[in-house]
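Here is a short tour to read with the coordinates open.

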Amino acid sequence: MGALRKLLLRDEHVCPWWFAYSFDNPIRRLVHPAGKIVRDYVGTEMTVIDIGCGMGYFALEMARRVGPEGRVIAVDLQEKMLVRVGKRAERAGLADRIILHPCGPDQLGVDQEVDFVLTFWMVHEVPDRDSFLDQVHRILKRGGSWLVVEPKVHTPQARFQALLASAGERGYEVLDRPKIRLSYAGVLGKI
Ligand SMILES: C[S@@+](CC[C@H](N)C(=O)[O-])C[C@H]1O[C@@H](n2cnc3c(N)ncnc32)[C@H](O)[C@@H]1O
């Protein structure tokens, strides 16, 4: 089975590092304007986490928003993604507020509490989603929020609904259902 088939269909897969080059370009900026998507959740001096950050499309935007006293923890399974985020952060003068954090497929390995969690088009790549929900729950501050966005191309609506239902059983409430192109999205808060 070719990598392209995996990317376009709903098979389990981890997005290959080379494909992530397609995740920051003028078309993406029109379809998924990063500032508009995160502006309601990210403010100055916050600590936020971008899990499955890829090449940093959202991490860099959030680093601008948290300001010099804030922090963005950029987490990814693939070292190559984090290397790229690091270089882009240096170039943008944002490296001092971005923490690069490699993780395992089922082990986040973060213990710092955060005000906001972003998972954009990554949860469908996580092998054990219930464990992932629990790990995020441990680091999300009460009063904080988690924006979870999944691609329609890889995630049937029923599977996204099931994810929200599992979240409900694991100490979250659904605060909002924002509209994001090509995606199903929810904002979760900690009960
Ligand atoms: C489709 S890309 C999305 C990248 C980024 N969020 C964006 O919207 O541009 C998914 C990313 O999640 C990462 N990923 C997959 N499984 C992961 C896991 N279990 N833990 C952390 N990151 C993971 C992949 O390496 C990849 O960088």
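What share of the contacts in the protein with a separation of 6 or more comes from residues 24 or more positions apart? The value is 69%, where two residues are in contact if their C-beta atoms, placed from the backbone, lie within 7 Å.

## Ground rules

This is a predicted model, in which local features need pLDDT of at least 70 and side-chain atom pairs count only at pLDDT 80 or more, while totals for chains, interfaces and linings use all residues. Residue numbers start from 1 along each chain as its sequence is written.

## Overall build

The protein has 7 helices and 7 strands; helices (H or I, at least four residues) and strands (E, at least two) are DSSP runs, numbered from the N terminus. Read from the N terminus on, the order of elements is α-α-α-β-α-β-α-β-β-α-β-α-β-β.

Along its principal axes, the C-alpha trace spans about 40 × 40 × 30 Å. Of the 191 residues, 38% are buried. Here a residue is buried if 20 or more other C-beta atoms lie within 10 Å of its own, exposed if 12 or fewer, and partly exposed in between, with C-beta atoms placed from the backbone.

## The nonpolar core

In soluble globular proteins, nonpolar side chains tend to be buried together. The largest nonpolar core in this model has 53 residues; such a core is a set of buried Ala, Val, Leu, Ile, Met, Phe, Trp, Tyr and Cys residues joined through C-beta atoms within 7 Å. Helix α4 (residues 57-66) gives the most to this core, with 7 residues.

Val48, Ala59, Ala74 and Val85 have the most contacts inside the core. Leaving out residues up to four places away in sequence, Val85 touches Cys53, Met55, Gly56, Ala59, Ala74, Ile98 and Leu100.

## Around helix α6

Which residues of helix α6 (residues 129-139) are buried? They are Phe132, Leu133, Val136 and Ile139. These lie on the same side of α6, because they cover an arc of only 130 degrees around the axis, the arc being that of the directions from the helix axis to the C-beta atoms. Their cover includes β4 (114-120), β5 (140-151) and α7 (157-169).

Arg170 sits in the loop between α7 and β6. Beyond its neighbours within four places in sequence, Arg170 is in contact with Asp130, Leu133, Asp134 and His137. Arg170 and Leu133 are 37 residues apart in sequence, yet 7.3 Å apart in space, C-alpha to C-alpha.

## The ligand shell

The ligand is surrounded by 21 residues, and the closest are Cys15, Gly52, Gly54, Met122 and Glu125; a residue is near a molecule if its C-beta atom, placed from the backbone, lies within 6 Å of it. The shell divides into 16 nonpolar, 3 polar and 2 charged residues. Ala, Val, Leu, Ile, Met, Phe, Trp, Tyr, Cys and Pro count as nonpolar, Asp, Glu, Lys and Arg as charged, and the others, Gly among them, as polar.

## Two loop residues

Glu45, in the loop between α3 (34-38) and β1 (47-51), has a positive phi near 70 degrees. Glu45 is exposed, with 11 other C-beta atoms within 10 Å.
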